[in-house]
Amino acid sequence: MNIFSILTLIGGLALFLYGMKAMGDGLTMLSGGRMEQLLEKLTSTRFSGVLLGLAVTAVIQSSSATTVMVVGFVNSGIMKLEQAVGVIMGANIGTTVTSWLLSLTGVSGNAVWIKLLKPSSFSPVLALIGICFLMFSKKEKKHNIGMILMGFAILMFGMETMSDAVAPLADDSRFTSILLMFSNPVLGTLMGLAVTAIIQSSSASVGILQALALTGVVPFKTAIPIIMGQNIGTCVTALISSIGTRKNARRAAMIHLYFNLIGTVLFMLTFYTLNHFVHFAFMGEMATPAGIAIIHSLFNIITTIVLFPFGNQLMKLAILTVPDKHSKSDVAEDAAAVLRRLDVHLLDRPAMALEQARYVTNRMSELSREAVTDALSMIDSGFDEDLDVKIRELENTIDTLEDKIGSYLIQIPGHDMSQKDSRLYSLIQHNIGNFERISDHAVGISDTFREMDEKKLHFSSEACSELKVMRQAVTDILDMSTDSFCTLNTEKAEYVLPLEEVIDALNLEEKQRHIERLRKGRCTIELGFILADLTTYMERISDHCSNIAVCTLSLKEDEIGVHEYQDIIKTRNSEAYKKGLREMEARYLLPKAEA
């Protein structure tokens, strides 16, 4: 093998990597962002997460890309850490699809139908169709299909180029002797790890191994440890992407590493222990592309099956590696990163500046929601000092965001705005105060539980059951209002107003029930004051949610005041409002009062 063969190999690898990226990008664009939405929403259970991770990775042809996406979702708070575990496991199985596609290069035979299965036979046809779509079609969908077809053809051409470049190695005794060094499990694993870490793609490194296997000089005893190392090396991309992110995002990257590391150690120990006693005959045979695909798939499927029940343990291990320090650094760093979007250089372009202000406000709304959720969790767990510190830090951060967004909005030249942007400007300006007040009430709720903890007071089981109903209603109205604001979804906003009325009624009924318990001697006046404070905070949060929803709904109207619009909603859409009210009243019923 001379210098020209090495250059050909490098060129083939470059084409391979580009083809994989082009095909993945084309598939992603063809999906129109639906894959990202699926990852966000359809991961309610670990099993569904595995299936989703498998499907998405099989489509975009890269477990690294899926894992990086997951790290990003966890970092932004869209996905919880426990949801990420299943997706990461599924991504490892999904990445084996590429090795099966590449195994087609090893198909041999003289029959016409067998020859048609070889990529060298059908790739040129796909390339021709793809380039026609790219050059002559103006439709975005056909453009994306063309990119997918071209990407696949380039990927396969790169694979064939690599195979041709390494073909002379079949007769090179020096290469064979070097290759046999990696039959040592440790050396082979390190080799696979290093190559994959450098090119940051396990699919590509498996492709290189399959190309070498076509020379007929790679035995299974060499291929197996290299494949094991490749699975660890692919974690490098996610680890790099997690640098500078929040704790949970770094933990998601560590889960990916631990999953592959533990899986490799268990697989290697089990396999080589069995081999010591059984002496698998195939170990001395030469590996084929299909054989490598089988080993790659078996490893990832078996590892997922074995480690699936231990997902929580993987999560705990990641938390031990990236521990909670209960410091202010995480929230403060997040705020600093978000605030960088309010760039003064964008002020000359109002639409762009407004979009950045909207992004920061959306993040502000998420932090407000997080503060309230944490505060209300004390209904179950009681006062938590660490949560109290976090809630106060969130509130301080939200105060800062309110000041910065308000100052930035003032600098955006209003005369250059379109009518749509003017409405969006008003929406943001009106609601930054609502989100700030919501976080204030979260602190108030935490203070209430602190008072109870200091005075050693506890609500009765009856009062706790009633508070949980009200908490669910407040959590739901907060979700509806913030989601409608962030997505400008007016349909979702319409459900907020009747729910706010239901929460007002729940607040009154809760107070009436307390008076009845007090009359019967089942509660104290002191607890009554605390309960009244707590339900009042919750009711005020719902009031601010109503304001947010009304502002969002006003986007459908011309210049109109908030209170005026609220009156119109209740009269003009009275039937829809009454229907929504009946639904909410049936959904949030306080438990039957004790006799």
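**Labels and their grounds**

Colleague: Where is K456 found?
Modeller: K456 sits in the loop between α22 (419-454) and α23 (461-487). Bear in mind that this is a predicted model.

Colleague: Why is K456 called exposed?
Modeller: Exposed means over 50% relative accessible area. K456 has 65% relative accessibility, so K456 counts as exposed.

Colleague: What is the phi of K456?
Modeller: Near 60°, a positive value in a residue other than glycine. Most residues other than glycine have a negative phi.

Colleague: Why are α22 and α23 called roughly antiparallel?
Modeller: Their axes cross at roughly 150° and come within 12 Å. The cut-off for roughly antiparallel is over 145 degrees. Therefore α22 is roughly antiparallel to α23. Their crossing is left-handed.

Colleague: Which residues make that contact?
Modeller: L427, N431, F435 and I438 come from α22, and L478, T482 and F485 from α23. By class, the contact of α22 with α23 has five nonpolar, two polar and no charged residues.

Colleague: How do you know whether H279 is buried or exposed?
Modeller: Buried would need under 20%, exposed over 50%. The relative accessible area of H279 is 57%, so H279 is exposed. H279 lies in the loop between α15 (247-278) and α16 (289-307). H279 has a positive phi of about 60°, although it is not a glycine.

Note on methods
Residues are numbered from 1 along each chain as its sequence is written. This is a predicted model: local features need pLDDT of at least 70, side-chain atom pairs count only at pLDDT 80 or more; totals for chains, interfaces and linings use all residues. Side-chain values use heavy atoms; hydrogens and water are left out. Helices (H or I, at least four residues) and strands (E, at least two) are DSSP runs, numbered from the N terminus. Buried means under 20% relative accessible area, exposed over 50%, partly exposed in between (1.4 Å probe, protein chains only). Axes are lines fitted to C-alpha atoms, for helices over the stretch in contact, and angles run from 0 to 180 degrees between N-to-C directions. Angles under 35 degrees count as roughly parallel, over 145 as roughly antiparallel, 65 to 115 as roughly perpendicular and the rest as oblique. A crossing is left-handed if the near helix is turned anticlockwise from the far one by less than a right angle, and right-handed if clockwise. Contact means heavy atoms within 4.5 Å. Ala, Val, Leu, Ile, Met, Phe, Trp, Tyr, Cys and Pro count as nonpolar, Asp, Glu, Lys and Arg as charged, and the others, Gly among them, as polar.
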